Amino acid sequence: MPCSGTGTLLRRSRRSAMNATKRDGSRLGRWLLEERVEEVTGPEAKGSGESHPWWKVVCLTGVDYFSTLGYLPGIAALAAGALSPVAMLLIVLLTLFGALPMYRRVAFESPRGQGSVSMLENLLSFWKGKLLVLSLLGFVATVWLVTITLSAADATAHIVENPFAPALLREHEVALTIVLLAVLGAVFLKGFREAIGIAIFIVAAFLSMNLVVVAAGIYEAATNPAHVIGWRNALVADYGNPLAIVGVSLLVFPRLALGLSGFETGVSMMPLVRGHEADDPERPAGRIKNTGRMLTAAAIIMSFLLLATSFVTVVLIPPEALEPGGAANGRAMAYIAHEYLGDAFGTAYDLATISILWFAGASAMAGLLNIVPRYLPRYGMVPEWGRAIRPLVLVYTTIGVALTVVFEADVDAQAGAYATGVLAMMTSAAFAVTLSARRRGSRKGTLAFGVVTAVFVYALAANEIQRPDGIVIALFFVVAIIVSSLVSRVGRSTELRQERIEVDEVARRHIEEANERGEIHIVAHRRHRGKLREYAAKEKEQREDNHIPPEAPILFLEVDVADPSEFTDVMEVRGVKVGRHKILRAESSTVPNAIAAFLLHLRDERGKRPHCYFGWTEGNPIVYLLRYVLFGEGDTAPVTREVLREAEPDPRRRPAIHVGG
């Protein structure tokens, strides 16, 4: 039965800490908390909610996606040697025929930019679903944080290897990378506004210069066949037949998973993509179509450049130059630019690469800032300051600095962790779309996406065997997010957790009749069979134990726990009558918080302090505490009073709690 009538917003306790800090806190505290993540309306843009043509948004996606060209060709050559172009071809095939159709489906299923995490969020209910999402967020955090540190480290490599850079910088790469991270954090602390126009300029410059370098490399290979002959001889000498080439490439290509990054980011950009004026907000066909175009364009551009750059890298660069400490390590295309186009053009290429790598870090930071408000506040798993941008920026920057120190600003050392995060997210997306196809009854879709899922599972497993440090780092983030989230959930358990109260007509009449007779007396009741005898016995017991006058009307309040893993909800109160007994029934994620919220609602609506009556509970208090945290019910009376005490500091205005028996 749908509820109607009055509704009261109940966010006092959630706002009280923030408001108190702004009112009474230090100037620094007010500054830290004045910018809130809740104001973000787009995946990386703040404020206006403007939309843009898809070809402009593809540049914003490309800041992260295309920036991998700054380091991936060198990583591929180092990992696969002469096999690099063949292994990269497998990545391209997986991009065009696996990841692209998969993420086009994700875009269709989550048109508001929620991505594959939201698709999987609905697979499991209660705490199992929350733990699944928290685990996935651990891998998302791995991807974004390592994107920031890896991009900054590679930007540093391009700076120190430039012939015009002071030699002193080469001895302080870690410090220089930390400076880049600090500058990035400072930009966000000041108030970052990402402009698509800047992204267009950076991406256009970077891609144009890569095309020039590729053209120069192909020209050099064509005019000096010795390069190609040397590469072909190395390929034949090490791998005697095509089957061996394909087999070894399959073993190597999981390490090149960095070339698959960008799809999850692209889907998160959907709110910025302009659709049609007649789009349905729930199913915006124009936005979905244009997002598909955006993903396709990015995939085609990246596929061509991956093949071209991997070819010129392995053909033109000596293997020893790609080794750690070599002149081309982490900067293969920049090496070619300097070697074959001169230091002036090479320096311009370095500047373009540094810009896009730094901007990729900015994009990743903005993505991280959107993760917290998208999921964790709904779960009650962030502290109050977790809604503010600046404290989060400080946390993420600190973690980035720590990772940089641990990895010594080494691009190759961080590639395993980044690949783990990318492959884990893409595996989860593949599983989500496979399950979606099965639910739709599409056998072909289920089979096709099932094969893609198997490929990503293999790639993920192979990557962890080859680079076990990646899964260790990812699991660290998973455990850290789960533990910190649960601690936050426990710490916030006594807040008011109802977004609003909605009372139907019958319940409103019950309340009005009780209000006309004087004070409002509420008896908290846990329904068993709901028969007349049950309510008569409960009323007799409470009147005797709590000395309720016989002429005072009583309203029974029954709160059933729906999903205890949810943190906030809308409390709908329905009125029923069993014999002469008037009953108010509701569902919530937790009983004490719902009772406290309803009592405050009554006080505000009727202008009187309601009285609520409980009986004593018997049993181990630790067990009741665990039941309250996990299942939303326990020793209800003391918890209800504590929730009221936090929500209403004035005892004279606080609803009265009575416990008898």
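**Reading the labels**

Analyst: Start inside the model, which is predicted. The lining of the largest cavity has 16 nonpolar, 10 polar and 3 charged residues.

User: What makes it a cavity, and how much space lies in it?

Analyst: A cavity is a space where a 1.4 Å probe fits but cannot get out. The largest one holds about 380 Å³. The structure has 4 cavities of 30 Å³ or more.

User: Why is Val-143 called buried?

Analyst: Its relative accessible area is 13%. Buried means under 20%, so Val-143 qualifies. Val-143 lies in helix α7. Beyond its neighbours within four places in sequence, Val-143 is in contact with Tyr-418, Gly-421, Val-422 and Met-425.

User: How far apart are Val-143 and Glu-534 in sequence and in space?

Analyst: They are 391 residues apart in sequence. From C-alpha to C-alpha, the distance in space is 56 Å.

User: What is the phi of each?

Analyst: Glu-408 has a positive phi of about 55°, though it is not a glycine. Ala-409 also has a positive phi of about 55° and is not a glycine.

User: How do you know that the length of helix α22 agrees with its residue count?

Analyst: Helix α22 (residues 591-606) has 16 residues. The expected span is 1.5 Å times one less than the number of residues. That gives 22 Å, and the end C-alpha atoms are 22 Å apart, so the two agree.

User: Why is α22 called largely enclosed?

Analyst: Because 13 of its 16 residues are buried, the rest of the structure largely encloses α22. Just after α22 comes Gly-607, with a positive phi of about 75°.

User: What makes a set of residues a nonpolar core, and how many residues has the largest?

Analyst: The members must be buried residues of the nonpolar core types, joined through side-chain atoms within 4.5 Å. The largest such set has 153 residues. Met-102, Tyr-103, Leu-258, Phe-263, Met-426 and Phe-456 have the most contacts inside it. Helix α15 (residues 332-379) gives the most to this core, with 24 residues. Another core, of 33 residues, lies apart from it, with Ala-507, Ala-586, Leu-599 and Leu-600 among its members.

User: What is Phe-456 in contact with?

Analyst: Setting aside neighbours within four places in sequence, its contacts are Leu-94, Ala-99, Met-102, Leu-260, Leu-423, Met-426, Thr-427 and Ala-430.

User: And what are the figures for the chain, in burial and in secondary structure?

Analyst: Buried residues make up 56% of the 661 in the chain. The secondary structure comes to 24 helices and 8 strands.

Key
Residues are numbered from 1 along each chain as its sequence is written. This is a predicted model: local features need pLDDT of at least 70, side-chain atom pairs count only at pLDDT 80 or more; totals for chains, interfaces and linings use all residues. Side-chain values use heavy atoms; hydrogens and water are left out. Buried means under 20% relative accessible area, exposed over 50%, partly exposed in between (1.4 Å probe, protein chains only). Helices (H or I, at least four residues) and strands (E, at least two) are DSSP runs, numbered from the N terminus. Contact means heavy atoms within 4.5 Å. On a 1 Å grid over the protein atoms alone, a cavity is a set of points where a 1.4 Å probe fits but cannot get out, and a pocket is an open set with protein on both sides within 12 Å along at least five of seven lines; lining residues have an atom within 4 Å of a point. Grid points are joined across faces, edges and corners, and a volume is the space filled by probe spheres set on the points. Ala, Val, Leu, Ile, Met, Phe, Trp, Tyr, Cys and Pro count as nonpolar, Asp, Glu, Lys and Arg as charged, and the others, Gly among them, as polar.
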